[in-house]
Amino acid sequence: MTAEATNAATPEAAGARPDVADRGLRSYYGRPILKAPVWRHDIPAYLFTGGLAAGSSILAAGADLTGRPAMRRATRLASLAAVGASTYFLIHDLGRPKRFHHMLRVAKPTSPMSVGTWILAVFGPAAGLAAVAEAAPLLPRHGVLGLAGRALPVAGTASGYLAAGVAPALATYTAVLLADTAVPSWHEAYPQLPFVFAGSALASASGVGLLAAPLSQSGPARRLAVIGAAMEVAASHRIETGMGLVSEPYTQGRAGRRLRAARALSVAGAAGAVLGRRNRLVSALSGAALIAAAALTRFGIFDGGVASAKDPKYTVTPQRQRLEQAAAGDHSPT
Amino acid sequence: MVGENSLYGPLDPALDAGYADAPARMGFFTDTSICIGCKACEVACKEWNLVPDHGLSLLGMSFDNTGALTANSWRHVAFIEQPIPAGQRQSPPFRDTPTGPSSEPATAALAATTAIDTGTIPGADPGGEPESAARMAAGPAMLGMPTSGLPGRQQGREDRKDLRWLMMSDVCKHCTHAACLDVCPTGALFRTEFGTVVVQQDICNGCGYCIPACPYGVIDQRKGDGRAWKCTLCYDRIGDGLTPACAQACPTQSIQYGPLDELRERAEGRVADLRAAGQTTARLYGHDPNDGVGGDGAFFLLLDEPEVYGLPPDPVVTTRDLPDMWKRAGFAALTMLAAAAVAFVGRSA
Amino acid sequence: MGVRTWLREWPVYRQLTGTDPLGRGAAAMSPRSAQLAARTGTADSMARSVCPFCAVGCGQRVYVKDGRVSQIEGDPDSPISRGRLCPKGSASKNLVTSELRQTKVRYRRPYSTDWEDLELETAMDMIADRIIAARGATWEDVDDEGRPLHRTLGISSLGGATLDNEENYLIKKLFTALGALQIENQARI
Amino acid sequence: MANADCIIIQGSNMAEAHPVGFQWVMEAKLRGARVIHVDPRFTRTSALADTYVPIRAGSDIAFLGGIVRYILENELDFREYVLAYTNASTIVSEDFRDTEDLDGLFSGYDPTTGTYNPRSWQYAGQEGDGARFDTTAERETAGALQHESHGKPVRALSGRDETLQHPRCVYQILKRHYARYTPEMVARTCGVPVEMFEDVARAWTQNSGRERTSALIYSVGWTQHSVGVQYIRTGAIIQLLLGNMGRPGGGILALRGHASIQGSTDVPTLFNLLPGYLPMPQVKHTTFDEWIGGIRHPTQKGFWGNASAYGVSLLKAYWGDAATPDNDFCYDYLPRMTGDHGTYRQVLNMIDGKIKGYFLLGQNPAVGSAHGRAQRLGMANLDWLVVRDLFMIESATFWKRGPEVESGEITPEECRTEVFFLPAASHVEKEGTFTQTQRMLQWREKALDPPGDCRSELWFFYHLGRIIRRKLAASKLPRDRAVLDLAWDYPMHGPQDEPSAEAVLFEINGYDVATRRPLSTFNQLRDDGSTVGGCWIYCGVYADGVNQAARRKPGREQSWVAPEWGWAWPANRRIMYNRASADPEGRPWSERKAYVWWDAEKGEWTGVDVPDFEKNKPPSYRPPPEATGVEALAGDDPFILQGDGKGWLYVPVGLIDGPMPTHYEPVESPVRNPLYGQQANPTRKTYQRPDNPTNPSPPEPHSDVFPYVFSVSRLTEHHTAGGMSRTVKYLAELQPEMFVEVSPELAAERGLTHLDFAHVITARAAIEARVLVTDRLTPLVVEDRVIHQIWLPYHWGGEGLATGDSANDLFGITLDPNVLIQESKVGTCDIRPGRRPTGPELADYVAEYRRLAGLTGDHYPPIITTDALDREHHSDGG
């Protein structure tokens, strides 16, 4: 440490000729300017489960509409499970979990997390009821329960459509959640991030369809898998390459590894979805791949942002450039 | 009241936050040119606000053993040693002394790797940017003398001409457009009638969203406690007409408290005086209502570039782009529905 | 609490009906924040004191609540310090309320490896006996030329620079009467 | 101070040690004053100064002497002031020989006693008076401390030459004495480049005179030297020559380090003083009159003329009704001094087992005093030790923890010392007065009762006295009369029977015995036993029965002098000798610097401050020839406590090491004295014994074993020995670890790395610390060789939250002859990378260094390093 740090202090190691060094990055003892997010794995996990729940309800509604009961059943149950997990992750990540209900104190359009809270407040029950409706066949034919048994499918369909209506918001607001921070690599990515999340939400949901639904019913899932994966891969590619310096964190370290793996799995999953349309096993495998890809994408994006917050250069350099461009016109001292 | 500048641009934050007849906006002006680095502000703040200690660790960052603003340090005094002439000094102290190369870049680079446990999350991480730390310590002097590079390159006698020791007491900026406040999902962070930004500890549930939202890296989470903490500009004191603890203690009035308008006026005058006295590098930071955060409630007079003190050179509040963000999210959402439709319509009908 | 009042205190309701639709300030203010006040204002008593560290003599105000020091800060009235304090002076509350501060008499008997407790009265009595004994054993009445000395060199004392003038006065008065000459303080260090 | 046009800070790190006081320097700076900081190390004070001048530690007199020469050679002195208010024109005895003649010695040196006979230093025609002054005894008893309030007795009348041309007038003698302190010599000695020196000299002189004033600020950076008093004297000479004394924005400000350190010398807890700087009697003073005779000269001018009244009133305060004219007011009860009884003598006596009991009252010598090892070994050899403190300090646990326990030199099972730890009351848990650094008394109100067994010293000593008196009540021994006759009843109050501090302050102030009415000025004190006065200079603090020290009229509601806040001695004067702020005719020297002046209409002195002069004595007043005391002060004698009413450029009597400051090297120095053959102070107080070794200095061999100069001082974040700061979490965390500062050049030379460990070695000890490599330290060229200086904070010890080795362990014990203050600001050492050895190896390690330095057996550095004496003898014809 000593030796290398001492070297680092000499311009040679700093890779700077004197004249360049002057304009080179400066910082307060190399310490980060920003505070890195304190969120643990819960948040990226939630990003994934939230997307999965959203995608699944959309698929479920479609299946309901087009008479694909097996796929409907699978996706509705997946949706409930996912939204349940989401709630757990969100509360578990709080510094004061017992105060989770404080989220309902206010409704702030400026706070994506507040908006998300209210979205979940609508989506959760709806998705839940839709899933419960799948229990109708198990109920006795007569008596009160019988009555319920006959009413449930209707209610299920209705709430299913409601959930599907809210689902796109649920799947994409999380992109704003990350983008609406000072974390350079998240904030700069705000135009693409919603598409990454939307795409991988659809892809992962279709993954469920491919896993659970019989070949006869999984046609839409296959098409959706291709579209979703395409969106996800295309949008993340732009994030990883199109933002100059702040793209860097997405290509390095853990974030880079995870995003590269995600891309591979997405492509494989989509291909499998198409090519394996007559093979139950291949379909199931590609479904699993798409789900894994979606999860890896979220974790990768998350890691990239954290890395960008921890290194002052991602904060200072872009701002310096901005100032120099501004000063290019007038030379008034800042 | 929601106005066109509610998210960006000049604004009276108290009015915007619904205070009909709010008192004058109060704030801090920290004049680093007269800071003696005594750290009375750090201690006075902790005594009044009952802030926990930040732990014992020698950081080797000159006399800074606090490291950064954290949940357990709401004032932080930065120390920077630079082997360059301070503007006011009339005779270079080290002239004719048998001094070799300056050690400051090297020592700063080493200091960049020291660890701190501040009892908070994320607290103050070592940066892993020794090169940029070295350049901080080298100072802007070379800009004036293109022939010489970083001090430390030249050899022989009389290398160190002079020494400048920068000291600066950092604090929460109480932004006009406060991202921490806007992203807070519980309303724990709120705008006071004085235009300051305060965390309400009876509300905060430690969701942690405010922490990555702050463009200055001020707000932080306390271990064990789980909640977010930062400077309150002594909301309880100023409500009773008292001066915030740090400003009251400051021996040289480097920290000045008062109505923001008066402070801005005073600051302009001070900069002019310093420039006239040869302190050409003196500049204000965070005083401009037209900057990226609509101006800071706590602004500074600096003698070097902001990043040298650990401040972002040109912070912009993230919520400036929020409307665009929602728009993009909306497109993506519609795209989802469209995609689903396509997928189902396909050959199923 | 009736549903009505509950509703009226619900920030969302205040956002919708009040002047703060974005829930940034007025609407989001909590009950605690609403009646927050400086604890100096609610203190039981305030004593005007002087900083115990260096010799500048900065004025301090010491606030007491429920028999404990609740705050110590600079006295703005002081023409010496104008209400300002250095880090040490600012830490005065910590100094007097520190958990490390000793509040019980401790006694270490000869050749012992540890402290033991002792009653204050007992300690005072033991110390008095030891002074009398040491004085008796080392008393010098006259020098070899018969000139009066009236002293003991068997007892020493060091300290006083952080004590009050009144305390130093009594220390000097008592030791002088005892003939104990060797009284010294920080001024010589 | 805020009125100064130039502020020179030397021997003080004001911004760090006195931050709140520094606000006035900053204020002056904002008003355009030039601030100059002269210091071995670039500190937070330097950072805010306009000019920083690095200087070799221990060479300040050479630097200031250079300023004196600059003034005299260029005749830049404020002549009118100098003529009227100083002794510049006084003629000195023809027997006087200067250091110019004797290679660094003055005439009258006696090698056998190591002291001077000042006979030849006297004013012409007064040689006899020198004999009244026994320098040997004066050194042993730190006689010069009395100068805190007054000069030594001299007779008023003496020959003068107003033209200042007489070769033996003080002005010419001074000029000759400093002739060799040229800028080049300053550079050679101090390492200060010529033009930097001249820059300071120019700034200082150009900002002094009729229209402008310069202030000089020093603190323990000057006092803690073997020639400390002469450091301050040199500053005083400059300020007198430039006319900066007694005037607003001028003067010399001593910054003291403890809340009441001024008070603890005014109302002393010092062996050689009684309250009000009355000297403790020496054995030769067998009667009251002999004692007083030693204080005042029969024909002297000034307020010390009334010494007998002060003495009697004190004895009345001590022994009340028992003190009567018939028994000399119990003068016989006072103990007598026979030599040095100072704290360092005591410590060595402890080691030798001569002392039975020791009280530590808010003091932590194990860390705070020089030669910590001797301190701890001394305490380990007592019968009993009483420690009164807020916290468990190193001095209370030396038998349990500490370097000697680690090295096995002290083992609890074999340490006989009986230790009582009594918890003390904090400053908010008791009431009383502190005297701050500008002589101002401020009353502290009590906020609450102390917790548990915690008690004030007032409580402890009052009740201790009560118990002792009870136990001795039956005694018939004559020695116990002094105790039993003691006036020792003070009203008590509160649940803890706390004695009344106000009652004590009332006694200190003094009162009329018959009426018990408080006195309002020391002029009312009498020597017939009709008045009581516990400390004459404090007389007036309880004027009109009002506790003047408790006055708290807000500063903003009164003039900038703020006379109604607290109370300053003497007689609430904020600037002493302020008569000098007006010219001899009583007019302000200039409107800009008006302070006090003579109002002819009213026929009285007036101004923004209380005139430090008799209110109605006109400038034109000339005393009758036979007059003595106050009456003898002329209308233009501003220095009312001096024997001749003048400011002394030349001190004919009272100082042990010479009438004029002379540069001597520190006792431990890497270089030969560039100015004289005499290396170090020839009259310094030494204790030559094996347990107090001194590193060799030239001309001795082996000085290269300890090639570096080191200095220690304070950090803003900590307080002295750390007992009040390393125990406080908010302070400990700000400076959590012991460290040592070195220059990059020294780091390269010794292979030291930033933040790694290094250890520092002297003949006494080796201590370790983390390394801070910093440009704030710079090597200097002295005598054509590079001198490296290192710096350490001295706050650390083994107890508290932040712990570390103690820098004071590095020092030995050598004292200033005038006041017996140790040299603990400069020494020589070696520094090595890595941690020091531990356990027994540590002792061996240091011993090996002693061996290399030739410090074996009982060889000690010679006091005299010039043969001038022999030469003189021959010239005298033997």
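In the predicted model, eight residues of chain A are in contact (heavy atoms within 4.5 Å) with eleven residues of chain C. The model is read with local features at pLDDT of at least 70, side-chain atom pairs at pLDDT 80 or more, and totals for chains, interfaces and linings from all residues. Side-chain values use heavy atoms, without hydrogens and water.

About 650 Å² is buried between chain A and chain C, and carbon and sulfur atoms give 55% of this area; buried area is the accessible area (1.4 Å probe) lost by two parts on being put together, summed over both. The side of chain A that touches chain C consists of five nonpolar, one polar and two charged residues, where Ala, Val, Leu, Ile, Met, Phe, Trp, Tyr, Cys and Pro count as nonpolar, Asp, Glu, Lys and Arg as charged, and the others, Gly among them, as polar.

Residues 77–95 of chain A are 84% helix and 0% strand, with the end C-alpha atoms 30 Å apart. For residues 115–139 of chain A the values are 76% helix and 0% strand, and the end C-alpha atoms lie 37 Å apart. Helices (H or I, at least four residues) and strands (E, at least two) are DSSP runs, numbered from the N terminus.

How values were computed: Residues are numbered from 1 along each chain as its sequence is written. Chains are lettered from A and ligands numbered from 1 in the order in which they are written.
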